[in-house]
Amino acid sequence: QVIKCKAAVLWEANKPFSIEEVEVAPPKAHEVRIKIVATGICRSDDHVVTGGLVMPFPIILGHEAGGVVESVGQGVTSVKPGDKVIPLFIPQCGECSSCLSKKGNMCSKNDLGSASGFMPDGTSRFTCKGKVVHHFIGTSTFTEYTVVHESAVAKIDSAAPLEKVCLVGCGFSTGYGAAVQTAKVEPGSTCAIFGLGGVGLSVVMGCKAAGASRIIAVDINSDKFDKAKELGATDCVNPKDFQKPIHEVLIEMTGQGVDYSFEVIGRIETMIAALACCQYNYGVSVIVGVPPAAQMITFDPMLLFSGRTWKGSVFGGWKSKDSVPKLVADYMKKKFVLEPLITHTLPFTKINEGFDFLRAGK
């Protein structure tokens, strides 16, 4: 059966979301229809609104959520109706080179690079006012019901609170994994984190869990510092308080630069600053924030020649279908907290207010 429900449709860039009645088609073979219970708002969604991440319109955004399986298509074996699940914006098909490699997690079936806005078969499950509405990176969670491919959904503990573990669908896993999985932060090391949104704070938590002795949090909004310290930051630095470039400040603070740096904003300038502030020979800098479309980076190659490592991290380097249930299990065992990352809880119809909070740094 087609389900009619509410969704937040983005008809064009730089406009508010419009709460519309949409039709959600039943799942085809190897697809799963999910009733979304809770969804987080992530800066990557806002990048589509502002045009920094180019996607086709109209579109239903959202990619950080928890829900319950409503129905499954033919051939689906990993989940059944009634299961609690988290949709995965990086799928895990188990067959491509990245899935087969121990080193990678960026499944080739993802829709991040191609930005087709469709299901793997090239069609959409959403219509509104007679128009086809696009999917967002295989998830589309700003709707009461969505359809995802079976490779893009993970079954989780039935006791897990969806309004909290939805953050494992993106923000928490992305930041925490960037530290423990991509950078492999070691005990006693020094780290710098640029950007203290939900993902940046999750990097702080990851560095602390890995045993870093010094965790320097960097943000131009000093209101973020109390929470960063609560989660493990040892120092907080506001670049606006200094005349000199921030990478010089960090090198002075640490003597030689940090062992690990993380850019969790998505700005060219901070990416270069993060690279420059890590130790010249064995420092590792990780790009976690989504880079803006069509912008190129220019930097002195001596920064790399001396031995630094520059790398990127998508979804914290986790193989999604394997790791999400384990991360939820770790949360249930109180190995980490998610509550401090949740600043506001709003009804779905107030989604535009939620984005206002995001843009205001709240």
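**Annotated ranges**

I began with residues 29-157: the chain there is 9% helix and 29% strand, and the end C-alpha atoms lie 25 Å apart. Helices (H or I, at least four residues) and strands (E, at least two) are DSSP runs, numbered from the N terminus. UniProt, in an unreviewed entry, labels this range "domain: Alcohol dehydrogenase-like N-terminal". Its positions are in the numbering used here, feature names are shortened, and annotations may be inferred rather than shown by experiment.

I then took residues 198-326, which the unreviewed UniProt entry calls "domain: Alcohol dehydrogenase-like C-terminal". Over 198-326 I read 36% helix and 16% strand, with 20 Å between the end C-alpha atoms.

**Ground rules**

I noted that this is a predicted model: local features need pLDDT of at least 70, side-chain atom pairs count only at pLDDT 80 or more, and totals for chains, interfaces and linings use all residues. Residues are numbered from 1 along each chain as its sequence is written, and side-chain values use heavy atoms, with hydrogens and water left out.

**Domain interface**

I looked up the domain assignment, whose bounds come from an automatic or database source. Domain 1 is 3-171 + 317-360, and domain 2 is 184-312. Their centres, taken over C-alpha atoms, are 28 Å apart.

How many residues of each domain are in contact? I found 11 from domain 1 against 13 from domain 2, with contact meaning heavy atoms within 4.5 Å. The area buried between them is about 860 Å², and carbon and sulfur atoms give 64% of that. Buried area is the accessible area (1.4 Å probe) that two parts lose on being put together, summed over both. Gly171, Pro340 and Leu341 supply 49% of what domain 1 buries against domain 2, more than any other three residues.

A salt bridge here is a side-chain nitrogen of Lys or Arg within 4 Å of a carboxyl oxygen of Asp or Glu.

**Salt bridges overall**

The rule gives 16 salt bridges. I picked aspartate 121 with lysine 28, whose closest N and O atoms are 3.3 Å apart. Aspartate 121 sits in the loop between helix 2 (97-100) and strand 7 (126-128), and lysine 28 in the loop between strand 2 (18-24) and strand 3 (31-39), so the pair ties together parts 93 residues apart in sequence.

Most residues other than glycine have a negative phi, and most peptide bonds are trans. I logged histidine 30, not a glycine, with a positive phi of about 60°. Histidine 30 is in the loop between strand 2 and strand 3. I also logged a cis peptide bond between phenylalanine 57 and proline 58, with omega about -15°. Proline 58 is in the loop between helix 1 (43-50) and strand 4 (59-60).
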